[in-house]
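Subject: The structure for you to look through

Hello,

Please find the structure below, together with its sequence.

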Amino acid sequence: MPVTAPNAEGARTVALLQQLIRFDTSNPTGDTAALAAFLRTQFEPLGVQTDVIVAPNGKAVHFIARLKGDGSKKPVLLAAHADVVPVERDKWSVEPFAGIEKDGFVYGRGAMDFKGGMAVFARAVMRLAEQKVPLARDVIFLAEADEEEGQYNTSWLAKDHWDKMDAEFALNEGGYILQGADGAVRQVNVTTVEKTSVVLRLRTNGPVGHASRPLPSNETANGKLIAALEKLSVHEPGIRLIPQTRGYLEALARQNPGPTANAVRKIFAVADGRTQALGERELMAAQPANAPLLRALMHNTMAITMIKSGQAANVIPGQAEAIINARLLPGATTDQLIDEVRRVVGDDAVNVDFATPVSQEATRKYYQAKSNIPESSTDTELYRALRTQAAAVWPQAQVVPVLFEAGTDAVAWRERGVPVYGIYPYPLDADILKGMHGHDERIAVRSLYEGTDWVYRVLLDVAKK
Ligand SMILES: [Zn+2]
């Protein structure tokens, strides 16, 4: 069971999160200026050096606070994105930008992704400042813009301001601290590697005509595109287990003897494709709430996200287009992906390429460079501190390095050789995960207390003199 009793520190994190939620930083437009200004008012009275960097669009604003150490070690950095995804307000049961606390939860857009993490990270750094803890290294807190979308993200920031964000290692969002039905935490996932998001475009052409005289479906742009999408939507790419996914499944099996453990054993029978496929079906049946995540960890995935065609109700359109968002496991290439899509579609009349404003070759190279970014080593002081201090807060928990199924802001550091560890620093369950980018996003107050305790302990461990 959780060991963190209610305390003043946890309460401060909750109060800060409520304030952060009240800044509507929906992206688009991703205006984080007011939130950055607010953070400055929180850090400056503590004597912490601060910086505000405004992007050319005037909206994406990055905030950096640097708590000085004696410089004997390189800095540790905590990064939290300040922007959030938009809301469908009518589907929420509470006002999404009010920071309401109700029934043991803080509700609001960003409560879990990632203003909750921002509150935990910011409070940990403020607390070091308040207590005047002597530090061997600088502790940097970064509230960043344009993580959910937009071009002025951490990669943009790193181009001109790398000196402000350079560190020995960093924390950002990523792994889940999963809570069992009994409330106990048995697994703390720390992401050390991410999938690569690739956007493909399928295009078809056909004769334009009057809708009163339909043409055979296999001749029209729409007919050809629909046939291609039908094949893609039922296509199941094969299982590929990278070491982190293996570790994740092993931990899952240890905690869930019975059907889950049996299914995992079958999935590990790599030489036997049929047993493996059967194992996956059994695992999905045994872990229905986790099924989308587990599928994402084991496969390159493809989602049809946009379909565009037609100008008028009575005109057969001459062009149709679909956008496919693929997520590639480390080591997979875009050449393999495009070959696979072409093979599944099996129709030369369907053009498959990257959806990109720049050239195909430049895009190919960009993805290639991304997929070659090394994973973060677990042989660092910061990773060890995450492990040691997790055991102090959640005695039953095992810390597991994992693959993150989505992309984050980590690439700016990882591509420069700085290890980044991704965490949502609070216990959560499948219900809470549904609120992420969904409706009634929330996080448990108790989870915020535990995360506050954990991250502060981690900072003491890596930065205290
Ligand atoms: Zn996020």
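This is a predicted model: local features need pLDDT of at least 70, side-chain atom pairs count only at pLDDT 80 or more; totals for chains, interfaces and linings use all residues.

If residues up to four places away in sequence are left aside, Lys-102 touches Val-94 and Tyr-107. Leu-232, by contrast, is 130 residues apart from Lys-102 along the chain, and 43 Å separate the C-alpha atoms of the two.

On the scale of the whole chain, the protein is divided into domain 1 (8–192 + 375–463), domain 2 (196–237 + 314–328 + 331–371) and domain 3 (243–298). The centres of domain 1 and domain 2, taken over C-alpha atoms, are separated by 37 Å.

The helix I would look at with some care is α10, which covers residues 334–345 and so has twelve residues; from its first C-alpha to its last it reaches 16 Å, close to the 16 Å expected at 1.5 Å a residue. Which residues of α10 are buried? They are Thr-334, Leu-337, Val-341 and Val-345, and because they cover an arc of only 60° around the axis, they lie on the same side of α10. The face turned away from that buried side carries the exposed residues Asp-335, Gln-336, Asp-339 and Arg-343. As for what the buried residues of α10 pack against, the partners are β9 (196–205), α5 (221–234), β13 (319–328), β14 (351–354) and α11 (360–371). After α10 comes Gly-346, which has a positive phi, near 60°.

In general, strands of a sheet pair through backbone hydrogen bonds, and the pairing can be either parallel or antiparallel. In this model, four strands form an open sheet in the order β11-β13-β9-β14, with antiparallel pairing. β11 (301–309) and β14 are the edge strands, each pairing on one side only. Neighbouring strands of this sheet are turned against each other by 25° on average, with direction ignored. Between β9 and β14 the antiparallel pairing extends over four bridges, and Arg-203 has Asn-351 in β14 as its bridge partner.

Best wishes

Key. Residues are numbered from 1 along each chain as its sequence is written. Helices (H or I, at least four residues) and strands (E, at least two) are DSSP runs, numbered from the N terminus. The expected span of a helix is 1.5 Å times one less than its number of residues. A residue is buried if 20 or more other C-beta atoms lie within 10 Å of its own, exposed if 12 or fewer, and partly exposed in between; C-beta atoms are placed from the backbone. The arc is that of the directions from the helix axis to the C-beta atoms. Two residues are in contact if their C-beta atoms, placed from the backbone, lie within 7 Å. Domain bounds come from an automatic or database domain assignment. Two strands pair if DSSP finds at least two bridges between them. Axes are lines fitted to C-alpha atoms, for helices over the stretch in contact, and angles run from 0 to 180 degrees between N-to-C directions.
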